[in-house]
Amino acid sequence: MSLFLIVALPFIGALLPGLMIQAGRQACAATTFFVTFAAFVGLLTHIPAVLDGGVVTAQAAWLPAIGLNANFFVDGLGLFFAGLILGIGLLIIAYARFYLSREDNMGEFYSYLLLFQGAMVGIVLCDNILMLLVFWELTSLSSFLLIGYWKHLPEGRQGARMALAVTGMGGLAMIGGMILLGQIAGSYDLTVILEHRDAIQASPYYLPALGLILLGCFTKSAQFPFHFWLPHAMAAPTPVSAYLHSATMVKAGIFLMARLWPVLSGTDAWFYTVTTAGLVTMVLGAVIALFKNDLKALLAFSTVSHLGLITMLLGIGTPYAAMAAVFHILNHATFKAALFMSAGIIDHEAHTRDIPRLGGLRKLMPVTFVIAAIASLSMAGIPFLNGFLSKEMMLEEASHTTFWGSAWLMPVLVTLGSLFSAAYSFRYISHVFLGPQRDDYPSQPHDPGFGMWAPSAVLVIPVVLIGVAPFLAEPLVRLVTQAVIGSAAEMPDAHLKIWHGLTPALFMSAIAVIGGFVLLQAFYRPLAAWWAKASRPEAKTIFDAFIAAAVAGARGLTERLHDGALTRYAAIFAVTVVALASHAWFTGTMTAPTAPFALPGPIQLVGWLVLVSACGFLVYHHRRRLIALVIMGVIGLIVSVGFSYLSAPDLALTQLSVEVVTIILLLLALNFLPNETPVESGLGRRVRDGVIAITAGLFTAMLTYSILIRDFPNGSISDFHLANSYKGGGGTNVVNVILVDFRGFDTFGEIIVLGIAALIIYAITEALLSGPVRARLAKRQPDAPVAGDAHPMMMVVVTRVMMPVVLMVGIYIFLRGHNEPGGGFIAGLVVAIAVVMQYMASGFAWADARQRYPYHTIIGAGVLVAGLTGIGAWFAGAPFLTSSFGYFRIPPMEEFELATAMGFDLGVFLAVVGAVMLSLESFSRLARRSDERASEHPMDIDPSREDDETAPAKEH
Amino acid sequence: MELLLASAIGVMTATGLYLVFRLRTFPVIIGTSLLSYAVNVFLFASGRLVVNRPPVLSDDAAGYTDPLPQALVLTAIVISFGMTAVVVIIALSAYLSSDDDHVDDVPEGLAAAKREGEPEVRT
C-alpha cells in the first residue's frame, strides 16, 4: 500500500465515525477499527522490503520553492513506530468500545482518535521536516481535543489547555530549530539531513538548533522540567491515557530524538543536556509516582520516569545505549498500555481509582489481577518479563558511563530510580489487589466482559513472550537500532539475553528489586505520611501563576494601547507612522532632485489659499456641524478643480459627483445627529492633538514634496498602458481603459465591495428599524421647525425638468467614456444624483412608490453583467475579462465602435447607481419613520404647522 | 506648483487628523473624509504633476500624464464614498440606540474587568 494512503487513511477515516454513529455504537467502533486495520495491514506489506534493509519511499513535491515536499519513507524506525501506533491503536479502539458509556459521544471520540492517529503516523513516516512540523502540531491539537473530551469536567479542560500550552510552546520552538537544521543541511528532507552529521555539528547554528529541537522533544515527551502537564492530562478518558500518554504521543519526542540521533548526538552539549534531563526525570518521576494515590497519576508519573529512562539512554550516545532505548520503547509500550487499560477497568468497575479505597481485588477480579500483576512485575524489572531485559541493558550501560566526571554518580542514580520504580510497581499490585477484601467499594467490582480485558491481555502476551525468549524480539530490535544509528556508528555486537553473567548490572538490578520491596513493606507508611506533610513546589500552581502573569502582561499592554477609545488608537497610529517614517527619512538616502524649483502662478496660489483657509476655517468652526459640512464641500470642490487643472478630467468629474452624493448623505445623517459638537477636551489635549496632527501633516508634505521634485527612478509602467490602450483596448481614454480592461479584475472587485457596503448600510437600517430605535424615531422631535412646504413647488418643477436632461448627460458620459473623459463610475454617480433629486423634491414616500426596481437588484444586476461580460471571454478561448472590440456601421449612422468593455462598464454603472441609491435610500427611510405621513402628491403643504415664530419649542 | 500641492496635502492631513482625534462621531467622519482627500491627492500626485496633458490619446497631443494613478484614485474616490457611508450609518445607529455620539466608549467586557479590578475567572 502506498505510504501516502497509509498516512491518509486515518485522516479520511476520521470523517466516518461521526457518520457511522447513526448506525449504532457497534458499527461506529467497527468502522474505526477497520480503518486502522487497513492502514496497519498496508504497513505490514512493507515489512519484507524493510527487512531486506531497504527503504520504501513515496514522494510528491508540494511547495518545492520552500523545500516543502510531501515525502514519506519507511525504514526500520518508522516501521517500528508506525506499527506501535497502529497496532496499539487497534487494541485501544476495541477497548474504548467497551469503556465509553452510553452518554459519551462515541463518534466524536473516534474521530478525534483517528485524527490523532493520522498525525502520529505522519510524524513517524514523514521524510520532510516541514511536513513533520505540521503533523507535530496536529498531534498537539488532536490531543487537546482528546484530553478535553469530557467537556463537562473542569480538570479535563484545564488539563487539555495545559497540555496544549506546553506542547504547543515546544512545537513553536521546534519550528525554529527545524528551520535552522534545514538551513544548515541545505535541505528539509530528513534523509538528506541525516547525511550531514559533520556539517551540522560544525555549524555555529548547531547549538541553537539543538536547543530548540530538544525543547520541542522534551515538552512533548514530558521531560523535566516540562513533565508536569502529563499527570494533568490524565483527566482524559483512560483509552486516551493509554494511547497518547503511554504508547504514542509522549513517544513522539523520543522518536524525534532517535530519528535525529545520527546528526545531533555525540557532542558534549547533547550528552549533558539529554542525559541530565532524562536522568533527573527518571528519578524524580519514580519518586513522585510512589506516593500518588490516584492509579492513573501513579501510572502517569511512572510513564514520565520511563520516558526519562529512554531519553537518558539516547543521551548517552553509544550504539549499545541506543539499542537499549529501542528495546525499552517496545517493552514500555506493551506493559504500560496494559497497565493503563487495567487501571481503566478498575475505575470502570469499582467506580474509583483512589488506591486507599481499593485493595483486595485479587479474588474479585482475577483476570484483571493476572494481567496487571504481569505488567507491573515487568515494570518492576522481574526476570522472565520483558521489562527486566531492557532495564538490565540500561543498568549495564549506566554502570560504565562517566557522568559529570564521576564514575559512580550515574550507577547510583539509576539504581535509585529503579528502586523506586520497583517500589511503585509492587505498590500497584499489593495496595490494589492484595490485602483483605473490603465491603465499602463505591461499586461492587468484578471482572469486565471479554471485550474489555482482551486488549490488555493481548499486550501482556509479548511481555511474557519476549521476557522468556528475548531472541524473538532481537531481529526487530537490531533492525530498528540500525535505523536509529544509521551510518553514525557501528552496530553493537550485542544480543538480547536473560543471563549476562554476574555483571554489575545484575547486582544493581537485585538491589533495586529487593530495595524496592523493602521500601514498600517497611518504610512506605512513614514516608507517605512525611510526603503528605512536606511542602513541595506544585507544578500546576506555578504554571497557573505563569499563565496569569502572561495574561496580566498582555492585558496591561493591550488595555494601555487598545482601551476602546478610538481617539487613542488614532493617535497611537499616527505617532507610530510618523516615528517609523522619520526613521526612514533620516536614515535613508535620497537621489538629487530633478525638477527645478518653480514659482507658482497666481491662479494656483489662489486655489491654494482657498484650500488652506478652508482647512483653517474648518478646524476653527468644526463644532458647528452644518458649517463644517459646507466647508468640507468647498475643500472637495477645490480638490476636484485641482484634478481638472492637473490633467485628470476623469478624476475631477468623479470627485465632483461623489462630493455631491457625500454631502447629501451627511446632511441626511445630520438630520438625526446633534447640530453642535460640545466642547469637551481641555486645552492641553487640544494642543497635544494639534501637535500630533501638525507633525504628521508636515511629514506628509515633506514626503510628497520630495517625491514630486524627483522623476520616477525606474520609469513608469504606464508607458505600457499608453501604448496599448488603443491597440489592445480599443479606447483612447487611457484611464477608462485601465479601469475596464487592463485592471478590470480590480474594478470588478471594487464594484462588489461597493455593493457590499451598500448592503451593510441597508442591513443596519433594517436592524435599526426593527429594534427599539423605531419607537424612538417615531417619537423624535425635529431640532428645527419643519418647513411648511416640505416639498416646494419650485424645486419639484426644476428637478422634474432636469431629470431627463441629467439622464441624457449620464448616458452621454457613459457612452463616450471609452474614448473621452467619463465612463461607468461617473455616469452612475450622475444618474444617481438625478434620482436623488426626485427624492429630495417630493419626499421619500412619493419617490419610493414610483421606483419599480429595488436597488439591491440593480447592484446585483451590475455585478452580474460585469461578471458575465468577463465570462464571455471564455467562449472566445481567452482568460476571464479579456476584452475585444470592433467597428460597425448601421446606415444612416456613422461608423461607431463597440467594445465588450462597454458591457463591463455597464455593470460598473449599474452597480454604482444601485449602491449609491441604496445607501441614500436607507438613510431616508430612517427619516421617513419619524414622519409617518406619506404625501400623495408631488408637492404639498403641511397644514399642521403654525406660522408663529415662537412655536414649536425645541425639545433638545 | 509642487510645493503648493505638497503643502496642501500636508494641511489636509493635519486638519483631518485633528478632527479624527475629536471625541464625537461627526467630526471624526469629516476628519476621515479629509484624510481621504489627502490620500487620494497624494496617490494621484505620485504620477507627478503635469498641466494640460490629459491621458486621452489623440494625434496632436504633446504628451500624456501618467494614467495609472488616476485610474487607481478614481476607484478610491468611489470606494471612499462607500466607506464613509458605512461609517456614517454605524455612527448613526450608535447614536440612535444610545443617545450618545461619543467615540471613546470603553467596551463592556473591559469596563467590567476594570470595575472588578481583576481578570475574570478562568476554568
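This note goes through the structure point by point.

1. **Ground rules.** This is a predicted model, in which local features need pLDDT of at least 70, side-chain atom pairs count only at pLDDT 80 or more, and totals for chains, interfaces and linings use all residues. Residues are numbered from 1 along each chain as its sequence is written, while chains are lettered from A and ligands numbered from 1 in the order in which they are written.

2. **Confidence.** pLDDT is the predictor's confidence in each residue, from 0 to 100. Chain A has a mean pLDDT of 87. In that chain, 97% of the residues reach 70 or more. Among the elements of chain A, helix α28 (residues 625-645) has the highest mean, 93. Strand β6 (residues 896-899) has the lowest, 74.

3. **A stretch to treat with care.** Over residues 948-956 of chain A, pLDDT stays under 50. The model has 5 contacts beyond four places in sequence for this stretch. Two residues are in contact if their C-beta atoms, placed from the backbone, lie within 7 Å. Where pLDDT is low, the predicted coordinates should not be read in detail.

4. **Chain A overall.** Its secondary structure comes to 39 helices and 6 strands. Helices (H or I, at least four residues) and strands (E, at least two) are DSSP runs, numbered from the N terminus. Of the 956 residues in chain A, 48% are buried. A residue is buried if 20 or more other C-beta atoms lie within 10 Å of its own, exposed if 12 or fewer, and partly exposed in between; C-beta atoms are placed from the backbone. Take the contacts in chain A with a separation of 6 or more: 79% of them join residues 24 or more positions apart.

5. **Where the chains meet.** The contact takes 102 residues from chain A and 83 residues from chain B. On the side of chain A that touches chain B, helix α30 (residues 683-708) gives the largest share, 14 residues. That side of chain A divides into 65 nonpolar, 25 polar and 12 charged residues. Here Ala, Val, Leu, Ile, Met, Phe, Trp, Tyr, Cys and Pro count as nonpolar, Asp, Glu, Lys and Arg as charged, and the others, Gly among them, as polar.

6. **Helix α38 of chain A.** This helix (residues 855-875) has 21 residues. From first C-alpha to last it reaches 30 Å, close to the 30 Å expected at 1.5 Å a residue. The expected span is 1.5 Å times one less than the number of residues. Its buried residues include Tyr855(A), Ile858(A), Gly862(A) and Ala866(A). Gly877(A) follows the helix, with a positive phi near 75°.

7. **Two residues with positive phi.** Ala222(A) is not a glycine, yet its phi is positive, about 55°. It is found in the loop between α11 and α12 of chain A. Ala222(A) counts as buried, because it has 30 C-beta neighbours inside 10 Å. Trp404(A) also has a positive phi, near 50°. Trp404(A) is exposed, with 9 other C-beta atoms within 10 Å.

8. **A cis bond.** The peptide bond from Phe224(A) to Pro225(A) is cis, with omega near 5°. Pro225(A) is found in the loop between α11 (206-220) and α12 (229-232) of chain A.
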